[in-house]
Amino acid sequence: MVDSKGGFLVDEGGATDERIKMLEKQRADQRAAQKLDPPVFLDASKNPKCAECGSIDIDHLFKRVFGLLVCEKCKTEHPEKYSLLTKTECKEDYLLTDPELRDHEILPHLLKANPHKATWNNMMLFVRLQVETFAFQKWGGPDGLDKEWERRTVEAKKKKNKKFVQALGDLRRKTREGEWQRRQDNTHKHEFGVVEKDESGSGVQRCIECGFEIEVEEF
């Protein structure tokens with residue numbers, strides 16, 4: 001309960017629950033908009049056919065979202081073409097950027113519920129065939145993609161090694177400074193007591209800690 005400043009209390013938890021429900025419905029509506037199946041024509045020649053096997057039993061969601069004509073059977077049999085990739089996989093394996101992946105005209109994507117939390121943004125899933133085609137155009141083929149990946153890997157190792165060397169240098173510097181400070185702290189400084197007379201009558205001062213003696217003249 002929180003004070004509304006208007007002379008009464010408001011149940012803050014209720015407002016939070018309503019917002020969560022609103023976000024969950026919003027995410028669900030976004031996904032549902034992709035799943036409206038078109039009609040099937042009695043005239044088989046008017047129905048779209050699978051590009052792999054010619055079947056009219058195509059996945060209409062794939063057709064609507066990705067513009068691909070493929071049936072469920074062929075999707076399963078050809079994962080090298082039709083498997084779905086997450087945004088993270090596209091970025092790490094094909095070196096694509098966030099702006100490229102957000103551009104639906106470049107790379108259409110399918111929305112799926114976020115497995116971590118229903119109110120979070122929907123997951124974006126991409127078809128491997130389209131991702132590879134775009135990535136190969138961008139990097140000059142599979143060899144160009146491999147070279148760019150190797151270049152970035154080398155650069156990452158260099159940066160990591162540079163950070164390691166820098167950290168090691170900082171550690172050595174701190175160690176040297178600490179050792180110097182310890183030596184300074186351990187350097188003995190004589191602390192002499194009062195002047196005493198020895199057998200010859202000369203003045204002597206003795207270090208309280210180590211017993212070192214010096215002669216002093218009294219005036």
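This is a predicted model: local features need pLDDT of at least 70, side-chain atom pairs count only at pLDDT 80 or more; totals for chains, interfaces and linings use all residues.
Cysteine 53 is partly exposed, with a relative accessible area of 47%; here buried means under 20% relative accessible area, exposed means over 50%, and partly exposed lies in between, as found with a 1.4 Å probe on protein chains only. The cysteine sulfur closest to that of cysteine 53 belongs to cysteine 74, at 3.7 Å, which is too far for a bond. A disulfide is a covalent bond between the sulfur atoms of two cysteines. With the criterion of a pair of cysteine sulfur atoms within 2.5 Å, the count of disulfides comes to zero.

Residues are numbered from 1 along each chain as its sequence is written, and side-chain values use heavy atoms, with hydrogens and water left out.

The protein chain has eight helices and eight strands, taken as DSSP runs numbered from the N terminus (helices: H or I, at least four residues; strands: E, at least two). Of its 219 residues, 24% count as buried. The accessible surface of the chain comes to about 16,200 Å², and 54% of this belongs to carbon and sulfur atoms; the areas come from the Shrake-Rupley method with a 1.4 Å probe, and for residues only the protein chains shown count as cover. Among contacts (heavy atoms within 4.5 Å) between residues at least 6 apart in sequence, 41% join residues at least 24 apart.

Three strands form an open sheet in the order β3-β5-β4, with antiparallel pairing; two strands pair if DSSP finds at least two bridges between them. The edge strands, each pairing on one side only, are β3 (84-86) and β4 (110-112). From one strand to the next the twist averages 40°, where axes are lines fitted to C-alpha atoms, for helices over the stretch in contact, and angles run from 0 to 180 degrees between N-to-C directions. Strand β5 (residues 123-127) pairs with β4 in the antiparallel sense over three bridges, and β3 and β5 are likewise joined by three bridges in the antiparallel sense. Leucine 125 in β5 stands opposite leucine 110 and is also the bridge partner of threonine 86. Because four of the five residues of β5 are buried, this strand is largely enclosed by the rest of the structure.

Helix α5 (residues 87-94) lies across β3 and β5 and runs at about 85° to β3. Helix α7 (residues 128-139) packs on the sheet and touches β3 and β5, its direction making about 75° with that of β5.

The structure holds nine salt bridges, each defined as a side-chain nitrogen of Lys or Arg within 4 Å of a carboxyl oxygen of Asp or Glu. One of them joins glutamate 77 to lysine 73, with the closest N and O atoms 2.8 Å apart. The two residues are four apart in helix α3 (residues 72-77), and are therefore separated by about one helical turn. Glutamate 77 is partly exposed at 44% relative accessibility, whereas lysine 73 is exposed, with a relative accessible area of 55%.

Aspartate 98 takes part in a salt bridge with lysine 87 at 3.8 Å, N to O. Since aspartate 98 lies in helix α6 (residues 98-102) and lysine 87 in helix α5, the pair ties together parts that are eleven residues apart in sequence. A salt bridge also links aspartate 98 to lysine 91, at 3.3 Å from N to O. Aspartate 98 is partly exposed, with a relative accessible area of 25%; the corresponding values are 29% for lysine 87, also partly exposed, and 33% for lysine 91, again partly exposed.
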